[in-house]
Every structure is written in C-alpha cells, then in structure tokens.
Amino acid sequence: LNDSESIFDNCMDVNLKLPYLLSLGLFDSIKKNGGGKIINIGSSSSYSGFKNTVIYCTSKHALLGFSRALHDEWKGYGVTVHCISPGTIDTDMANVLSQDRSTYIAVEEFSELIYDTSRYNGNMIVEEVRAVRRVIR
C-alpha cells in the first residue's frame, strides 16, 4: 500500500470513473434508440485479489459491481450491461508479470469474444464473462 494518492486516483479514473461517465453520457441516446449494449472490460482481478495490486484489484472489483448494478437499473430501458473479465492478455502491460507468456490470452481471441458478445441478441443475456488464460501444467 505504498502507492501515492495520484496513482490511486488515476487507476480509479481509468477503470471506474470513465466507464461511469461514458455510460451516463450515452444513456439518453441509447434510451431514445430503444436500447443498446454497454461492454465494460473487467479483469481476473474483478473476482480475486493479488499481492502488490491492491489499487488495480479494487478498481476492477468496483467496475464489476458497477456493471451489475447498472444492468439491473437500466434493463427496463432495453440496455444490457456486460462485464467481460479476462485473465492476462498478451500485451505490453503484461510484461511486468512473472507468468508464462505462452499461456496468455491472444489479443485477437479476446477481441473476438468482445465482438461476439456485442452481436448476441437472443433471449438469453450474458451479463458476465470470465475468460481465463490457458495454464498448462
């Protein structure tokens, strides 16, 4: 917990405040068009806590709670809110981790999951998706 307040504020701004403000800003337009979808990107940290990631895990837990509550609040307007929470994705951000990079989720594969979630319009609503990295033992 040796992080400064500015690091905390920045993480919360990016992972929670921005999705909140974007959702509020889009609500009237989505409602006027008869509904729509909001897809928030969580993390495996939305469901777990990891050493040395207190602020990040806190922001992603909060995003998951926000997504769940917003979905319940806006579903009557035809709005579905999804939270897709991946494990480690193969990006530059993942370079700081001491994990086997060959087990990371490919960016293209995760992009397809987001696209597929955005296209689905059946009677079943996918509120949350947890995508874990393949760990080979």
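A search of the whole structure turns up 3 aromatic pairs. Rings of Phe, Tyr and Trp (its six-membered ring) pair if their centres lie within 6.5 Å; planes under 30 degrees apart count as stacked, over 60 as edge-to-face and the rest as tilted. Take Y20 and F66: their ring centres are 6.0 Å apart and their planes stand at 65 degrees, so this pair is edge-to-face. Y20 belongs to helix α1 (residues 5–32) and F66 to helix α2 (residues 54–74), so the pair links distant parts of the chain, 46 residues apart. Helices (H or I, at least four residues) and strands (E, at least two) are DSSP runs, numbered from the N terminus.

A word on the source. This is a predicted model: local features need pLDDT of at least 70, side-chain atom pairs count only at pLDDT 80 or more, and totals for chains, interfaces and linings use all residues. Residues are numbered from 1 along each chain as its sequence is written, and side-chain values use heavy atoms, with hydrogens and water left out.

How exposed are the two rings' residues? Y20 is partly exposed, at 41% relative accessible area. F66 counts as buried, at 15%. Buried means under 20% relative accessible area, exposed over 50%, partly exposed in between (1.4 Å probe, protein chains only).

F27 and Y77 make another edge-to-face pair, with 5.2 Å from centre to centre and 85 degrees between the planes. F27 lies in helix α1 and Y77 in the loop between α2 and β2 (79–86), so the pair ties together parts 50 residues apart in sequence. F27 is buried, at 12% relative accessibility. Y77 is partly exposed, at 41%.

Next, a charge. The charged end of R130 sits over the ring of Y47, 4.0 Å from its centre. The rule asks for NZ of Lys or CZ of Arg within 6 Å of the ring centre and within 35 degrees of the ring normal.

Now to the surface. L18, L22 and L26 form a nonpolar patch there, with about 270 Å² of accessible area together. Patch residues have over 30% relative accessible area and no salt bridge; like charges are joined within 9 Å, nonpolar side chains (Val, Leu, Ile, Met, Phe, Trp, Tyr) within 5 Å. A salt bridge is a side-chain nitrogen of Lys or Arg within 4 Å of a carboxyl oxygen of Asp or Glu. Accessible areas come from the Shrake-Rupley method with a 1.4 Å probe; for residues, only the protein chains shown count as cover. L22 lies in helix α1 and is partly exposed, at 49% relative accessibility.

Finally, S59 lies in helix α2. S59 is buried, at 0% relative accessibility. Not counting residues up to four places away in sequence, S59 touches C11, M12 and N15; contact means heavy atoms within 4.5 Å.
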